[in-house]
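Let's take a walk through this one, a piece at a time. Have the 3D view open and follow along.

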Amino acid sequence: MDTASRSSLVTSGAAGQPIPLAAVRARTTRQGVVAWGSHRVTVGGDAPVRVQSMTNTDTADAVGTAIQVKELALAGSELVRITVNNDEAAKAVPYIREQLDRMDIHVPLIGDFHYNGHRLLTDHPACAQALSKYRINPGNVGRGDKGDRQFAQMVEIAARHDKAIRIGVNWGSLDQDLLARLMDENASRPQPWEARQVMYEALITSALESAKRAEQIGLNGNNITLSCKVSAVQDLIAVYQALAQRCDYALHLGLTEAGMGTKGAVASTAALSVLLQQGIGDTIRISLTPQPGEARTQEVVIALEILQALGMRAFVPSVTACPGCGRTTSTTFQELAKQIDDYLRSSMPVWRERYPGVENLKVAVMGCIVNGPGESKHADIGISLPGTGEAPAAPVFIDGQKAMTLRGDDIVREFQGIVDNYIEKKFGVTV
Ligand code: SF4
């Protein structure tokens with residue numbers, strides 16, 4: 001680049017002006033409440049973006065389902081959805097609630113209904129009462145007048161029991177009559193929209209028309225959450241951006257059928273991050289297909305990580321670790337980073353009560369002198385391990401100051417002790 005072009009680059013930008021801070025846009029949705037007994041979880045408005053998940057047990061197995069709900073709740077899920085697909089499942093719901101209450105697991109249960117929800121909720125009032133929220137899929141309530149009646153029946157039960165609902169539209173089970181109507185309308189346009197755009201419109205129209213009907217039937221609009229789930233990242237972004245512009249209902253966000261492992265995690269993160277940054281999404285769920293042997297709680301872990309990475313919420317102390325490179329050929333720092341991360345996460349169920357605010361702690365574990373001391377100084381506690389050829393010493397930084405140097409084979413245990421002491425001093429509640 002010649003000097004003239006370089007100087008025009010500098011002077012044509014906002015040189016000399018501070019670069020604006022990145023900020024998550026504020027959400028402007030209404031706030032509703034998901035309640036059970038004396039417990040309440042707010043959703044929407046200025047409530048934190050809520051994390052939810054869904055069991056994959058047979059709901060009729062009340063014990064197995066209660067155990068999985070407990071695992072999901074302890075992992076950080078603030079609402080848990082269970083499928084209610086037949087009479088046996090509906091009968092089990094009050095027992096699941098009872099067992100959770102007995103275990104002091106204060107998480108609301110959302111019933112997921114398709115096809116027969118009107119009948120199950122009518123035939124099983126104890127189930128209708130034990131659930132805190134009903135998910136209704138307008139594409140699966142029946143067609144025509146019959147569908148309208150069955151939808152109304154579910155909403156009336158929700159209103160009578162003072163329950164919240166989610167109108168959960170999914171492109172895999174879209175209201176076919178509505179889609180056909182919109183396709184016909186599109187065909188008569190001078191310049192027809194693309195088929196995908198008609199599908200977007202059908203998703204949003206289905207959600208909005210259903211919400212309007214639910215309010216006309218008597219449900220408080222604050223207790224209506226909407227979702228329009230699709231399985232492709234760009235489609236999800238387009239649909240939710242439009243949906244957010246056209247209503248102020250709380251929005252449930254998630255990429256449906258995200259897939260397995262890394263693919264599912266990355267696709268969900270990509271889609272949700274864009275929308276959350278724009279202030280879109282009041283509650284999120286990661287629809288991850290568990291890999292064989294993988295815990296169901298993984299979907300909760302990813303949801304928490306997304307919110308924490310965006311700086312929207314803090315759930316566990318964060319560990320900053322460098323990726324390692326040719327300057328540190330030993331695996332010591334990888335092991336230390338993993339052990340510290342595992343230790344912090346596994347301690348959180350106890351620490352959450354004992355050390356309020358501990359989730360904001362920042363720990364750095366670095367591999368060598370290049371970025372080690374600098375990054376460690378930015379953390380609450382940081383350790384810079386010796387790279388290849390460096391003196392076998394690991395300086396530890398506390399609140400930006402070098403506090404000590406660790407040597408020898410016991411660095412991991414000693415560093416863990418330093419972290420413990422720091423947490424006790426900084427977050428311990430003095431009585
Ligand atoms: S801190 Fe050192 S070991 Fe870690 S990535 Fe940077 S140069 Fe490599």
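Keep in mind that this is a predicted model. Quite a few side chains here are tucked away: Ala 62, Gly 64, Thr 65, Ala 66, Gln 68, Val 69, Leu 72 and Ala 73 are the buried residues of α2. What covers them includes strands β3 (50-54), β4 (79-83) and β5 (109-113), along with helices α3 (87-102) and α11 (298-309). Just after α2 you'll run into Gly 76, with a positive phi of about 125 degrees.

Five strands make up an open, mixed sheet, ordered β13-β14-β15-β16-β17. β13 (318-321) and β17 (401-406) sit at the edges, each pairing on one side only. From one strand to the next, the twist averages 20 degrees. Zoom in on β16 (residues 394-398) and β17: they pair in the antiparallel sense over five bridges, and Phe 397 stands opposite Lys 402 in β17.

Two helices pack on this sheet. α12 (residues 332-354) touches β13, β14 (362-366) and β15 (381-384), and its direction makes about 160 degrees with that of β14. α14 (residues 411-427) touches β14, β15, β16 and β17, with its direction at about 165 degrees to that of β15.

Last stop: which residues are around the ligand? They are Cys 322, Pro 323, Gly 324, Cys 325, Arg 327, Thr 328, Gly 367, Cys 368, Val 370 and Asn 371. That shell divides into five nonpolar, four polar and one charged.

Note on methods:
Residues numbered from 1 in each chain as written. Predicted model: local features only at pLDDT ≥ 70, side-chain atom pairs only at ≥ 80, totals over all residues. Heavy atoms only, no water. Near = heavy atom within 4 Å. Nonpolar A, V, L, I, M, F, W, Y, C, P; charged D, E, K, R; others polar. Buried < 20%, exposed > 50% of the residue type's maximum accessible area, 1.4 Å probe, protein only. Helix = DSSP H or I, 4+ residues; strand = E, 2+ residues; numbered from the N terminus. Contact = heavy atoms within 4.5 Å. Pairing = 2+ DSSP bridges. Axes fitted to C-alpha atoms, helices over the stretch in contact; angles between N-to-C directions.
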